[in-house]
Amino acid sequence: MRQYHILFVHPLLHRLADLSDGDEIVVVGGGFIGAEVATSLTARGFRVTVLEAATLPLVGPLGDTAADWLGGLPGRAGVNLVTDVTLH
């Protein structure tokens, strides 16, 4: 069974100090803020998975072409991007 640390951006930001390099963090939402948080955490040594409801991050506001290009950026930064996700 996989275990994830759940970190909400604002109220629990202090919990980062309790985590170790290599711990896995899941970020819900692949928009601008989610992508920034994910790449920043990856740069700090965490393994990060982004869960995105859409087929591509930011496809709604930016359209298919830009979203397709942006969709490849998380992987190049070491972020695991999972799309078409529904959370219950």
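**Group meeting: a walk through a predicted chain**

Hi everyone. Among contacts in this protein chain between residues at least 6 apart in sequence, 48% join residues at least 24 apart, where contact means heavy atoms within 4.5 Å.

Before going on, a word on the source. This is a predicted model, in which local features need pLDDT of at least 70 and side-chain atom pairs count only at pLDDT 80 or more, while totals for chains, interfaces and linings use all residues. Residues are numbered from 1 along each chain as its sequence is written, and side-chain values use heavy atoms, with hydrogens and water left out.

So how confident is the predictor? The mean pLDDT of the protein chain is 81, and 84% of its residues reach 70 or more; pLDDT is the predictor's confidence in each residue, from 0 to 100. Confidence is highest in strand β3 (residues 47-51), at a mean of 93, and lowest in strand β1 (residues 5-6), at 57. Where pLDDT is low, the predicted coordinates should not be read in detail.

On to the fold. There are four helices and four strands in the protein chain, and from the N terminus the elements run β-β-α-β-α-α-α-β. Helices (H or I, at least four residues) and strands (E, at least two) are DSSP runs, numbered from the N terminus.

Now the inside. Of the 88 residues of the protein chain, 28% count as buried; that means under 20% relative accessible area, with exposed over 50% and partly exposed in between (1.4 Å probe, protein chains only). Which residues form the largest nonpolar core? There are 10 of them: Leu 16, Leu 19, Ile 25, Val 27, Ala 38, Leu 41, Phe 46, Val 48, Val 50 and Val 79. The elements giving two or more residues to this core are β2 (24-28), α1 and β3. By nonpolar core I mean a set of buried Ala, Val, Leu, Ile, Met, Phe, Trp, Tyr and Cys residues joined through side-chain atoms within 4.5 Å.

Leaving aside neighbours within four places in sequence, Thr 42 is in contact with Val 48, Ala 77, Gly 78 and Val 79.

Together with Phe 32 and Leu 62, Ile 33 forms a nonpolar patch on the surface, with about 340 Å² of accessible area in total. Accessible areas come from the Shrake-Rupley method with a 1.4 Å probe; for residues, only the protein chains shown count as cover.

Last, two backbone points. Leu 58, in the loop between β3 and α2 (59-62), has a phi near 65°, a positive value in a residue other than glycine, and Leu 58 is buried, at 15%. Asp 84, in the segment after β4 (80-82), has a positive phi of about 60° although it is not a glycine, yet Asp 84 is exposed, at 52%.

Terms used:
Patch = residues over 30% accessible without salt bridge, like charges linked within 9 Å, V, L, I, M, F, W, Y side chains within 5 Å. Salt bridge = Lys/Arg side-chain N within 4 Å of Asp/Glu carboxyl O.
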